[in-house]
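Open the model in your viewer and switch to a cartoon view. We will go stop by stop, selecting as we go.

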Amino acid sequence: MTQTSSPTDELRAAARTLDRRRFLTVSGAAAALAFTTHLPAGDSAASAATAPRRALDVATTIDSDPFTLGVASGDPLPDSIALWTRLAPAPFEPDSGMAAEPVAVAWEITQDPDFLVPAGSGEVVAYPEFHHAVHVEAGNLLPATTYYYRFTTGTWTSQVGRTRTAPAADEMPAQLRFALVSCQRYDQGYYTAYAHLATEEGVDAVIHAGDYLYEYAVNSVAGARAYDEELPDVFNRETETLEDYRLRYALYRSDPDLQAAHAAHPFIVTWDDHEVDNNYAAAVSQDDVPAEEFLVRRAAAYRAYYENMPLRAPQLPVDADLQLYRRLRYGRLVQLDILDTRQYRDDQAYGDGWQLPGPESDEPDRSLLGATQERWLTDGLGASEAVWNLIGQQVVVSRRTNPLEGEGAVSMDAWDGYPAARQRLLDGVRTAGVDNLVVLTGDVHVHLAFDIKEDFADQDSRTLGVELVTTSVSSGGDGVENPENWEAVTEANEHLRFFDGRRGYLVVTVDEEQLRADFRTLDYVTSPGATLATAASFVSLAGDPGLTEV
């Protein structure tokens with residue numbers, strides 16, 4: 001095992017090496033990243049590098065299964081797919097049981113699960129600097145096609161994953177189906193939702209709206225999971241260092257239901273706050289630690305996120321940043337914009353939480369996305385020719401008042417805390433003539449369905465689109481159908497069409513005529529085996545936005 005220093009000592013030592021006046025510049029952030037994550041330089045970081053002889057030799061010395069964390073795919077294009085695995089014979093050790101040497105890993109992809117006719121294959125290098133993560137972009141594939149893939153190193157072969165490419169750019173698919181998931185705190189429940197998603201849903205992709213990982217300590221019995229066999233003490237602390245975040249991903253990815261979902265469907269991921277720190281805003285932490293310290297922590301968290309997600313080369317961390325917002329197209333039926341509402345946002349107004357709006361939150365230049373991402377989104381919506389424009393993002397866009405927190409109180413962490421930014425978004429939708437806007441959201445651990453109004457203060461105003469909010473996979477533990485604020489919130493928000501507090505996920509089906517949303521629920525998650533149910537279903541017609549229950 002690797003000997004480690006105190007997380008706080010490590011962060012402060014890293015911060016002391018920086019010039020505080022230059023830290024928030026690119027060069028200063030790069031210094032922090034280099035200090036804490038030790039990236040390989042130049043071509044050594046490229047996943048498509050030719051395997052050196054030494055890497056081939058090391059592969060033959062691995063004496064136990066290195067594919068303990070499963071496989072994954074993501075970000076489908078018509079002709080390619082991102083594939084992922086990570087070598088970890090001992091995943092709960094800081095080095096994952098791997099020597100600090102590069103290792104050669106072979107991959108193959110085919111249309112048949114028996115791998116009789118290869119559609120692509122190759123060999124890449126898993127580098128210790130990347131915690132022996134493997135990222136492959138398998139190309140020259142057929143559009144709208146199901147594929148199977150696997151990895152091999154030495155004498156070991158991974159489980160088989162199944163994935164699917166996007167339709168061709170000029171194709172109009174008869175139908176597309178997406179699952180939306182969010183918020184999977186490990187120690188608050190089992191991933192039963194993923195077990196159902198893996199085996200019972202034929203979806204084109206799973207969209208993860210964030211909170212894949214939580215930074216909070218996990219005790220020896222995994223909290224609500226109440227394990228008989230104790231977990232190592234390395235998880236019983238808040239994540240702060242690169243090692244902490246890497247180990248926490250190992251814990252989460254060891255879950256068999258999560259592995260099954262990743263092996264069954266391609267994932268399109270974005271993060272929210274807990275992948276780093278609760279409700280952080282750009283360089284501002286929850287506890288207001290000095291920015292130069294927090295950005296060292298953020299760089300480590302972003303680094304570990306990339307290492308553990310099926311992402312493409314443009315998402316490789318650069319300096320202290322990682323560009324996660326991106327656009328995917330599913331033929332002429334769907335444009336899917338994936339947003340990042342954490343990395344570039346202004347700090348929450350009035351100290352965060354539920355507050356009355358006021359001059360601070362109403363400042364016209366406040367942004368949730370940052371100017372560059374805002375412009376990218378608005379321009380992309382304006383240029384879209386898709387029937388449906390889906391936006392996958394983290395926090396609730398629609399007005400959501402909670403009278404139990406004070407008359408007129410809204411969440412300063414959501415778009416309600418950034419009303420000028422929301423107005424710019426809606427103005428862009430209206431100017432672009434986007435008829436079929438669908439916002440896909442997570443974060444709040446309940447199912448919600450909203451009509452997005454042109455003016456939320458006027459319920460007779462035009463409906464610009466719909467917002468579908470998925471509940472959590474496990475965060476919050478066992479939910480209830482009608483939480484204690486159900487009646488108050490429902491009555492205070494006339495544009496709210498549905499509210500359910502149980503755990504689960506959302507399935508969205510679209511064709512040229514309509515969108516259908518099916519809200520899947522589980523009655524409990526603190527023990528395994530809950531039955532899946534559909535709590536409600538809604539449709540919104542193409543060209544006539546607004547939710548109707550069916």
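Select Asp413 and Arg342 and show their side chains. The two side chains make a polar contact, at 2.7 Å. Keep in mind that this is a predicted model.

Stay on Asp413. The residue lies in a loop, between β16 (410–411) and α9 (419–432). Is Asp413 buried or exposed? Its relative accessibility is 6%, so Asp413 counts as buried, because buried means under 20%. Now show what surrounds Asp413. Leaving aside neighbours within four places in sequence, its contacts are Asn279, Arg342, Arg345, Gln348, Asp352, Leu368, Val395 and Tyr418.

Next stop: the sheet. Colour its seven strands in the order β12-β13-β15-β17-β19-β18-β20. The sheet is open, and its pairing is mixed. Which strands stand at the edges? They are β12 (326–330) and β20 (496–500). Each has a single partner strand, so one side of each is left without a neighbour in the sheet. Turn the view to look across the strands. On average, neighbouring strands of this sheet are turned by 20° against each other, direction ignored.

Zoom in on one pair. Select β15 (residues 388–392) and β17 (residues 437–441). These strands run parallel and are joined by four bridges. In general, strands of a sheet pair through backbone hydrogen bonds, either parallel or antiparallel. Pick out Gly392: its bridge partner in β17 is Leu440.

Bring in α9 beside α8. How do these two helices pack? Their angle is about 20°, and their axes are 8 Å apart. Angles under 35 degrees count as roughly parallel, and α8 and α9 are therefore roughly parallel to each other. α8 passes α9 in a right-handed crossing. Show the side chains where they meet. From α8, select Glu374, Leu377, Thr378, Leu381 and Gly382. From α9, select Ala421, Arg424, Leu425, Gly428, Val429 and Ala432.

Last stop: Thr521. Find it in strand β22, residues 514–522. Thr521 has 2% relative accessibility and therefore counts as buried. What does Thr521 touch? Not counting residues up to four places away in sequence, select His447, Asp500, Arg502, Arg503, Gly504, Thr531, Leu532, Ala533 and Ala535.

Key
Residues numbered from 1 in each chain as written. Predicted model: local features only at pLDDT ≥ 70, side-chain atom pairs only at ≥ 80, totals over all residues. Heavy atoms only, no water. Buried < 20%, exposed > 50% of the residue type's maximum accessible area, 1.4 Å probe, protein only. Polar contact = N/O pair within 3.5 Å; in protein donor to acceptor, adjacent residues only side chain to side chain. Contact = heavy atoms within 4.5 Å. Pairing = 2+ DSSP bridges. Axes fitted to C-alpha atoms, helices over the stretch in contact; angles between N-to-C directions. Parallel < 35°, antiparallel > 145°, perpendicular 65-115°, else oblique. Left-handed = near helix turned anticlockwise from the far one by under 90°.
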